[in-house]
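Visitor: Hi, I'm new here and would like a tour of this one. Could you put it up on the screen first?
Guide: Happy to, here it comes.

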Amino acid sequence: MSRFRHQRKRDVPGLNLAALPDLIFTVLFFFMIVTHMREVTPRVRYEVPQGTELEKGGRKDGLVYIFIGKPVDGEGRVVSDETRIQLNDRYVSISEIGEAIRKERAAMSDDARLHMVVSIRADRDTEMGVISDVKQALRKAGALNINYSALERGK
């Protein structure tokens, strides 16, 4: 008689995959909630300038984007060398900025209208005269809360 029994070959039990669909849907819902969808598609090429004294923006409602740069086609290739101004989803001239801002303000809720912010995202090679003209047009339209987008130096 031997003291040790011979072990029989045991099969490894299969994985229980019953909870896998729950896990997949949980991850899917997480990414759906966390993902930020772009509201405005830039149709101008702009390379964001760098700065040293930067602050993070606050509210998202009541935000109007102005992109200033060279126009691009659907694939992102620069079409011409002229500087174009894009307010949300359409091109505007400096003389049309005031009316476009008034239309944007009229479409907002009362709370968003009170806290309306115009975010200027200009190409680093844009002439300061164009930015100054846009700023003057915004001042005439009563849009006095303006921020300028930039990246931190070294990033």
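Guide: Let's start where the axes of H2 and H4 come within 8 Å and cross at roughly 50 degrees. Axes here are lines fitted to C-alpha atoms, for helices over the stretch in contact, with angles from 0 to 180 degrees between N-to-C directions. This is a predicted model, where local features need pLDDT of at least 70 and side-chain atom pairs count only at pLDDT 80 or more, while totals for chains, interfaces and linings use all residues. Residues are numbered from 1 along each chain as its sequence is written, and side-chain values use heavy atoms, with hydrogens and water left out.

Visitor: Which residues of H2 and H4 make the contact?
Guide: From H2 they are Ile97, Gly98, Ile101, Arg102 and Arg105, and from H4 they are Val134, Ala137, Leu138 and Ala141. Contact means heavy atoms within 4.5 Å.

Visitor: Zooming out, how many helices and strands does the chain have?
Guide: The chain has four helices and eight strands, in the order α-β-β-β-β-β-α-α-β-α-β-β along the sequence. Both kinds are DSSP runs numbered from the N terminus: helices are H or I with at least four residues, strands are E with at least two.

Visitor: What share of the chain is buried?
Guide: Buried residues make up 27% of the 155 residues. Buried means under 20% relative accessible area, exposed over 50%, and partly exposed in between, using a 1.4 Å probe and protein chains only.

Visitor: Back to H4, then. Which of its residues are buried?
Guide: In H4 those are Val130, Ile131, Val134, Ala137, Leu138 and Ala141. They cover an arc of only 120 degrees around the axis, so they sit on the same side of H4. The arc is that of the directions from the helix axis to the C-beta atoms.

Visitor: What is on the other side of H4?
Guide: Met128 and Lys140 are exposed there.

Visitor: What do the buried residues of H4 pack against?
Guide: Their partners are strand S3 (63–71), strand S4 (84–87), helix H2 (97–107), strand S6 (117–122) and strand S7 (146–148).

Visitor: How far apart are the end C-alpha atoms of H4?
Guide: They are 20 Å apart, which agrees with the 20 Å that its 14 residues (128–141) should span at 1.5 Å a residue. The expected span is 1.5 Å times one less than the number of residues. Just after H4, glycine 142 takes a positive phi of about 85 degrees.

Visitor: Now H2. Which residues are buried there?
Guide: Ile97, Gly98, Ala100, Ile101 and Arg105 are the buried residues of H2. Seen down the axis of H2, they fall within an arc of 165 degrees, so they line one face of the helix. The face turned away from that buried side carries the exposed residues Lys103, Ala106 and Ala107.

Visitor: Can we pick a strand residue? Where does isoleucine 85 lie?
Guide: Isoleucine 85 lies in strand S4, and at 6% relative accessibility it counts as buried. Leaving aside neighbours within four places in sequence, isoleucine 85 is in contact with residues including Phe67, Tyr91, Ile97, Val130 and Val134.

Visitor: What about asparagine 147, where does that lie?
Guide: Asparagine 147 lies in strand S7 and is partly exposed, with a relative accessible area of 29%. Not counting residues up to four places away in sequence, asparagine 147 touches Val117, Val118, Ser119 and Ile120.

Visitor: Last one: is glycine 74 buried or exposed?
Guide: Glycine 74 is exposed, with a relative accessible area of 80%. Its place is in the loop between S3 and S4.
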